[in-house]
Amino acid sequence: WEWGTSLRKAGDFRGASKAHALAALSFKDIGDRPRSIISELDAGIDMAASNDAKEAREMLESAIKKTTQTESRDVALLQRVVAKEGEARLALASLLWEINDGQG
């Protein structure tokens with residue numbers, strides 16, 4: 001998780017996406033769905049920053065759909081999921097705007 005953030009700050013968005021995707025799988029393996037989804041959303045956001053619009057769109061749409069399936073008694077963690085979903089939706093909207101702008 002932190003490694004992905006470090007790579008993002010260094011400008012290695014593809015590497016950050018891979019690190020966040022790996023974190024998502026690791027969190028899923030231990031049954032931590034909220035953190036898995038946060039990491040998956042981060043992976044899509046990083047991919048969007050790497051200028052791979054097609055893959056980023058697929059990743060973001062898939063991850064955003066999973067946010068409604070998140071349950072936890074930790075309200076602060078759920079707030080993080082909602083906040084990260086908002087970031088992901090902004091990234092997706094930006095991608096869609098760019099794709100449509102290129103077609104017009």
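This is a short tour of the structure above, one selection at a time.

**Before you start**

You are looking at a predicted model, in which local features need pLDDT of at least 70 and side-chain atom pairs count only at pLDDT 80 or more, while totals for chains, interfaces and linings use all residues. Residues are numbered from 1 along each chain as its sequence is written, and side-chain values use heavy atoms, with hydrogens and water left out.

**Stop 1: the whole chain**

Show the chain as a cartoon. You will find 5 helices and 0 strands, and the pattern along the sequence reads α-α-α-α-α. Here helices (H or I, at least four residues) and strands (E, at least two) are DSSP runs, numbered from the N terminus. The radius of gyration is 13 Å, close to the 13 Å from the globule rule for 104 residues, so the chain is as compact as a globular protein of that length. That radius is taken over C-alpha atoms, and the rule is 2.2 Å times the number of residues to the power 0.38. Along the principal axes, the C-alpha atoms fill a box of roughly 45 × 25 × 20 Å.

**Stop 2**

Now colour by accessibility. Of the 104 residues, 40% count as buried; buried means under 20% relative accessible area, exposed over 50%, and partly exposed in between, with a 1.4 Å probe and protein chains only.

**Stop 3: the core**

Select Leu41, Ala48, Leu60 and Ala88. These touch the most other members of the largest nonpolar core, which has 15 residues. Such a core is a set of buried Ala, Val, Leu, Ile, Met, Phe, Trp, Tyr and Cys residues joined through side-chain atoms within 4.5 Å. Which helices each supply at least two residues of this core? They are α3 (33–49), α4 (53–66) and α5 (75–103). The largest share, 6 residues, comes from α3.

Keep Ala88 selected and look around it. Not counting residues up to four places away in sequence, Ala88 touches Leu41, Ile45, Leu60 and Ile64. Contact means heavy atoms within 4.5 Å.

**Stop 4: a loop residue**

Next, select Ser72, in the loop between α4 and α5. Ser72 counts as partly exposed because its relative accessibility is 29%. What does Ser72 contact, leaving aside neighbours within four places in sequence? Its partners are Pro34, Leu77 and Leu78.

To finish, draw a distance line from Ser72 to Glu2. The two residues are 70 residues apart along the chain, and their C-alpha atoms are separated by 22 Å.
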